[in-house]
Amino acid sequence: MNKWHLKDIILVTLIGIVCGLIFWIMDPIYTAVTAVLTPMGLAPFSGAILIGFWTIGGPLALMVIKKPGSGLLAEFLGAAVEMLLGGIWGAATLISGLVQGIGSELGFAFTGYKKYGKLGMFLSTLTTTIVTFGYQLIKHDYAGFSFGLIAALFIVSYISVFLFSGVLSMAIAKMLNRTHLLEK
């Protein structure tokens, strides 16, 4: 089951490319949301609200391909596509892609890569949020914020990841499975 086939490589590449386009499209949306929230002193929430869009590649690849490493590869490829299209974070996008990919893999790893349903997805959204939030905590120096603000940012991040990386990617994977195009 863990052996990679050409079909798996093509699928993870396609998922990475499509997600990279989504990530790139989210860049100006992030800028607009930040512009709206900044006058209210809520600029850090722009990333928390939208993080689920930037982490969708890993869980989607894992739900569709069901192989260890597919989530990390999809997130990294997506980050590379975003960067090559001129994403606003430049080469730092690749680091974010690795961090997000590791986060998505961990949830499924906790199940031994055997549960690709609701349990695996729930764990993946939780580990993705914890890992990416930890990275953001350091990268953006959230440690200087009050505990209440940090907690609120984490909760908003989790809701975003749960809805977009969890619920949405699970729905997309189910639709793809219903087409029978992915059967071996």
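Mentor: Start with a cut-off: a residue counts as exposed when its relative accessible area is over 50%, and as buried when that area is under 20%. Keep in mind that this is a predicted model.

Trainee: Is Asp-141 buried or exposed?

Mentor: Asp-141 has 51% relative accessibility, so it counts as exposed. This residue sits in the loop between α6 and α7.

Trainee: How do I read a backbone phi value?

Mentor: Most residues other than glycine have a negative phi. Here Asp-141 has a positive phi, near 55°. Tyr-113 also has a positive phi, near 55°, and belongs to the loop between α5 (92-109) and α6.

Trainee: How is the packing of two helices described?

Mentor: Two packed helices are described by the angle between their axes and the distance between those axes. For α2 (residues 44-54) and α7 (residues 147-179), the axes come within 6 Å and cross at roughly 25°. Therefore α2 is roughly parallel to α7, as angles under 35 degrees count as roughly parallel. The crossing of α2 and α7 is right-handed.

Trainee: Which residues of α2 and α7 meet?

Mentor: On the α2 side they include Phe-45, Ala-48, Ile-49 and Phe-53; on the α7 side, Leu-149, Leu-153, Val-156 and Phe-164 are among them. By class, this contact of α2 with α7 has 13 nonpolar, four polar and no charged residues.

Trainee: At what angle do α6 and α7 pack?

Mentor: Helix α6 (residues 118-139) packs on α7 at about 140°, with the axes 9 Å apart. That angle makes α6 oblique to α7, and α6 passes α7 in a right-handed crossing. The contact includes Met-121, Phe-122, Ile-130 and Phe-133 of α6, along with Ile-150, Phe-154, Tyr-158 and Met-170 of α7. Its classes are 13 nonpolar, seven polar and one charged residues.

Trainee: Which members of the largest nonpolar core touch the most other members?

Mentor: In this core of 26 residues, they are Ile-15, Trp-54, Met-63, Val-64, Ile-65 and Phe-108. Two or more residues come from each of α1 (6-37), α2, α3 (57-65) and α7. The largest share, seven residues, is from α1.

Trainee: What does Val-64 touch?

Mentor: Leaving out residues up to four places away in sequence, Val-64 touches Leu-11, Ile-15, Ala-173, Leu-176 and Leu-182. Apart from this core lies another, of seven residues, including Phe-45, Ala-48, Phe-133 and Tyr-142.

Notes. Residues are numbered from 1 along each chain as its sequence is written. This is a predicted model: local features need pLDDT of at least 70, side-chain atom pairs count only at pLDDT 80 or more; totals for chains, interfaces and linings use all residues. Side-chain values use heavy atoms; hydrogens and water are left out. Axes are lines fitted to C-alpha atoms, for helices over the stretch in contact, and angles run from 0 to 180 degrees between N-to-C directions. Helices (H or I, at least four residues) and strands (E, at least two) are DSSP runs, numbered from the N terminus. Angles under 35 degrees count as roughly parallel, over 145 as roughly antiparallel, 65 to 115 as roughly perpendicular and the rest as oblique. A crossing is left-handed if the near helix is turned anticlockwise from the far one by less than a right angle, and right-handed if clockwise. Contact means heavy atoms within 4.5 Å. Ala, Val, Leu, Ile, Met, Phe, Trp, Tyr, Cys and Pro count as nonpolar, Asp, Glu, Lys and Arg as charged, and the others, Gly among them, as polar. A nonpolar core is a set of buried Ala, Val, Leu, Ile, Met, Phe, Trp, Tyr and Cys residues joined through side-chain atoms within 4.5 Å. Buried means under 20% relative accessible area, exposed over 50%, partly exposed in between (1.4 Å probe, protein chains only).
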